[in-house]
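Hello,

Here is the structure we spoke about handing over. Please look through the sequence and the model before reading the notes below.

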Amino acid sequence: MTARIDRVVTSGTFSLDGGTWDVDNNVWLVGDDAEVVVIDAAHDADPIVAAVAGRTVRAIVCTHGHNDHVTVAPELGERLDAPILLHPADDPLWRMTHPDVTYRSLADTERIPVAGTEFEVLHTPGHSPGSVTLHLPEAKALFTGDTLFSGGPGATGRSFSDFGTIIDSIRDRLLTLPEETTVRTGHGDSTTIGAEKPSLADWIARGH
């Protein structure tokens, strides 16, 4: 049985380097009728808890530490009795929002089991030092946070980000996956590896 994938969209703000922007975030729930993994903890806990619908939450995985992706992680962790997972390279960003809250460290190639299948964690730095992408091969699905969008890489013009690094991550870790893999992003519409792969040279030429 292929895992069930649900999307919840929440709205709020993203703040970094003295600027604040209004954003809509995708929160992904992946599992079955009994258990689920929540990907990102954006803005508002109530609709996320409602979508969990009483299932056991195996983990709340933060694709990176920007405030709009971790806003309600501690609240969700308490309400859903679930661990919060984050790559430790994003600890400085996490502490900007949650200075006194601990999380469990994610590692590259780590496996996260849920509903009879498992995610593989891919460390894909660039948008932030600890950005991760979650690959669910059985469902031909990839959860990229803000690393790869429909139309190109995530933003790299702010602190803790680097354009060359995000290009390396996308080229070496993501575009090598099967072209039919669906890319489920942190904001906006989904895409596929096959749709994005031909544009790599254009992204590099364009720069950030």
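Predicted model: local features only at pLDDT ≥ 70, side-chain atom pairs only at ≥ 80, totals over all residues.

Six strands make up an open sheet, and their order is S1-S2-S3-S4-S5-S6. The pairing in this sheet is mixed. Strand S1 (4–16) and strand S6 (104–105) are the edge strands, each pairing on one side only. Further in, S2 and strand S3 (residues 35–39) run antiparallel and are joined by four bridges. Tryptophan 28 has isoleucine 39 in S3 as its bridge partner. Tryptophan 28 comes up again below, under the aromatic rings.

The helices

Helix H1 (residues 45–52) lies across S1, S2, S3 and strand S4 (56–61). The direction of H1 is at about 10° to S2. Helix H3 (residues 73–80) also packs on the sheet, where it touches S4 and strand S5 (84–86). The direction of H3 makes about 165° with that of S4.

How do H1 and H3 pack against each other? Two packed helices are described by the angle between their axes and by the distance between those axes. For H1 and H3 the angle is about 35° and the axes are 10 Å apart. The crossing of H1 past H3 is right-handed. On the H1 side the residues that meet H3 are Ala45, Asp46, Ile48, Val49 and Val52. On the H3 side they are Glu75, Leu76, Arg79 and Leu80.

The aromatic rings

The model has four aromatic pairs. One of them is formed by tryptophan 28 and phenylalanine 143, with 5.9 Å from centre to centre and 65° between the planes, an edge-to-face arrangement. This pair links distant parts of the chain: tryptophan 28 is in strand S2 (residues 19–31) and phenylalanine 143 is in strand S10 (residues 141–145), 115 residues apart. Tryptophan 28 has a relative accessible area of 5%, so it is buried. Phenylalanine 143 has a relative accessibility of 0% and therefore counts as buried too.

Phenylalanine 143 also pairs with phenylalanine 119: the ring centres are 5.9 Å apart and the planes are at 75°, so this pair is edge-to-face. Here again distant parts of the chain are linked, with phenylalanine 119 in strand S8 (residues 117–123) and phenylalanine 143 in strand S10, 24 residues apart. Phenylalanine 119 and phenylalanine 143 are both buried.

Arginine 158 lies over the face of tryptophan 21, at 4.2 Å from the ring centre.

Two backbone angles

Most residues other than glycine have a negative phi. Which places in this model have a positive value in a residue other than glycine? Histidine 43 is one of them, with phi near 70°. Histidine 43 sits in the loop between S3 and H1. Is histidine 43 buried or exposed? The relative accessible area of histidine 43 is 15%, and buried means under 20%, so histidine 43 is buried.

Phenylalanine 160 likewise has a positive phi, near 70°. Phenylalanine 160 is found in the loop between strand S12 (152–153) and helix H5 (163–174). With a relative accessible area of 37%, phenylalanine 160 is partly exposed.

Regards

Terms used. Residues numbered from 1 in each chain as written. Heavy atoms only, no water. Phe/Tyr/Trp six-rings, centres within 6.5 Å; stacked < 30°, edge-to-face > 60°. Helix = DSSP H or I, 4+ residues; strand = E, 2+ residues; numbered from the N terminus. Buried < 20%, exposed > 50% of the residue type's maximum accessible area, 1.4 Å probe, protein only. Lys NZ or Arg CZ within 6 Å of the ring centre and 35° of its normal. Pairing = 2+ DSSP bridges. Contact = heavy atoms within 4.5 Å. Axes fitted to C-alpha atoms, helices over the stretch in contact; angles between N-to-C directions. Left-handed = near helix turned anticlockwise from the far one by under 90°.
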